[in-house]
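Colleague: I would like to learn how to read aromatic contacts in a model. Please take me through some cases.

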Amino acid sequence: MWKPACLWLWLLGGVWLMQGCSSPEPDPEPDFVPEPTYPKGVRTNTYDARLAVHWANMALRITAGTPGNSPTYASREFGYLGLAMYETTVYGIADRQSLVGQLKGIKAFPTPKTDSVYNWPLALNAAQAFLLKNLYEHTSAFNKTSIDSLDMAMRTAFGDTLKDKAVVARSIAFGQAVGAAIYEWSKTDGGHQGYKNPFPENYVLSTTPGSWSPPFDGQVAIRRALHPYWGRNRTFVPANSSLEMPKPAPYSTDPNSAYYKLYKAVYDKNLRLTQTEKEIAMWWGDDPSQTFTPPGHSYNLATITVKTAGANLAKAVETYARVGMAVADAFINCWKCKYTYHNERPSSFIRANVDRTWSPFWPEPPFPAFSSGHATQASATATVLTDLYGENFGLVDNSHVSRPKDFGRNVEYKARTFASLWATAEECAHSRFLGGIHTQQDNDTGLKEGKVIGGNINALQWKK
C-alpha cells in the first residue's frame, strides 16, 4: 500500500481570513468583501493525484465491466463522478469555489463546518464509493465488492495516520453527504436508470429520404435506436442547453451534389485504407461491449494528462470535473442533433447509390449519423484540457495497449503519440471517417460543436 504524499503535514492550523483595514469614517458600503472562512486542514494541493486516479480507473473498470452499458449512459456517470471529486475537495483549494448556483437544477450541496478540521482525500474517497455503486446499481456483486475494497484501502491509507478519529468520521460523513446530494440531483436529469430501456419500442423511425436505417446483423435489420430521447436530458451547464442546432447538407442522389460527394468520399477511402489508418480506426472504436466506451476514453485521457503533468490533487479534481461534464453535455447535444435530423449512415446511401455490396470497415452503431458523437465529445474534452494544460501539451495515449490483436482486421493496438490535446480530438473524429461510419460533415460539425460545449464548461466561475 502506497502512502499519500505529505501526510506528515496532517494539519495546517489556523483559519484563513482576510482582514480589512478600518476607515477613519464609518462606511455603510464597504468596497471589499471579506473572504469566507474555510475549514481547517491540509490543503487539497498538498496531496498528489493518485487517489483521484485510482477512482477514475475504478470508474472505467466498472463502465467496461457492466453489461448493457452505452456511451450515452456512461457519459452521464462521468459527469457526476468528476463533479463529486471537485465538490468534496474544493473547500481545501485556496483559489477555487464550489459550482453551486452555476449548474442547472441544483441550489445547494452540503458544506463543511468552518470551525472543523477535514481530510479532503477521505471526503473524495467516500463520495466516489457512494456514487459509483449507486449510479451503477446494476453492476455485478463482484464489481461492487471491488468498489468497497478500494474504499476501505483508501480509508486506511489516508485515515490511519490521523490521531483525531473525529476528523476521519467527519470527513467521510461530508463526502457521503455530497455524494448522496449529487445522486439525488442526478435522478431528475432525464437519464436516471437509462440502462433499463436504451432502445424504447415506442420510438418510430423516420422514413423520409435520407433517413437513418438501423444496422444489419447478418441479413436481418436490427430495429432499434439507442436512447432517442437523450437529447432532452438536462445539461450540467445552462448555456449548453440552448445551443443553436447545426444543419446537415440537404439530401440528394445527384452525383454532382455536395451530399453525394460526402458519402462517395467515405466509399473511396474505405477501398484503400492503409495499415496506419486501420490502426487509427480501431484505436478510437471504443466498442461499449468490449471497452470503457468513447466517453471513457476521454476520461482516461484526463488521467493520462494528469499523470503526464504530475498534477496535484487540486488540479486533478478540476480536470476530472471539467472532462466529465464536458462529455456528458456533449452527448446530450449530439443526441439532440442526431434525432432531430435522423441522418443516414454511409452504408445505406452507398448501398443504394454506389455499391450494393459495400460494408464499412468498422461496424456501424445503432443511432443516426449527424453529427458525430466521437467528434463532439473528443472536441469538448480537448477544449477543457487545453484550457487547463496549454495548447502545446503533448501526451502518449496508451488506453488500449493491453487489448489483444484483432486478427480479423490484422490490427494491433499500439500506443499513439500526440503533440497537443487538440490533435487527439482531430484524430478521434477522423477515425470515424476511416471506419466508414461517418462523413466528413459529421466529424467537422462535431469538432465545431464540441469546442462550444467545452468552452461553456471553461466559462464557469471556477476561480474565486
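Modeller: What follows goes through ring pairs and charges over rings in this predicted model.

Colleague: What describes a pair of aromatic rings?

Modeller: A pair of aromatic rings is described by the distance of the centres and the angle of the planes. This structure holds 28 aromatic pairs. Take Tyr73 and Tyr136: the ring centres are 6.0 Å apart and the planes stand at 75 degrees, so this pair is edge-to-face.

Colleague: Where do Tyr73 and Tyr136 lie?

Modeller: Tyr73 is in helix H2 (residues 71–87), while Tyr136 is in the loop between helix H3 (120–135) and helix H4 (141–159); the pair therefore ties together parts 63 residues apart in sequence. Tyr73 and Tyr136 are both buried.

Colleague: What are the distance and angle for Tyr91 and Phe174?

Modeller: Tyr91 and Phe174 are 6.5 Å apart centre to centre, with 70 degrees between the planes, and form an edge-to-face pair. Tyr91 belongs to the loop between H2 and H3 and Phe174 to helix H5 (residues 165–186), so this pair ties together parts 83 residues apart in sequence.

Colleague: Is Tyr91 buried or exposed, and what about Phe174?

Modeller: Buried means under 20% relative accessible area. Tyr91 has 16%, so Tyr91 is buried; Phe174, at 5% relative accessibility, also counts as buried.

Colleague: Which residues do ring pairs link into a cluster?

Modeller: Tyr251, Tyr259, Tyr260, Tyr263 and Phe349 are linked in this way.

Colleague: Which residue lies over the face of Tyr118, and which over the face of Trp335?

Modeller: Over Tyr118 it is Arg170, at 5.9 Å from the ring centre. Over Trp335 it is Lys338, at 5.3 Å from the ring centre.

Technical notes: Residues are numbered from 1 along each chain as its sequence is written. This is a predicted model: local features need pLDDT of at least 70, side-chain atom pairs count only at pLDDT 80 or more; totals for chains, interfaces and linings use all residues. Side-chain values use heavy atoms; hydrogens and water are left out. Rings of Phe, Tyr and Trp (its six-membered ring) pair if their centres lie within 6.5 Å; planes under 30 degrees apart count as stacked, over 60 as edge-to-face and the rest as tilted. Helices (H or I, at least four residues) and strands (E, at least two) are DSSP runs, numbered from the N terminus. Buried means under 20% relative accessible area, exposed over 50%, partly exposed in between (1.4 Å probe, protein chains only). A charge sits over a ring if NZ of Lys or CZ of Arg is within 6 Å of the ring centre and within 35 degrees of the ring normal.
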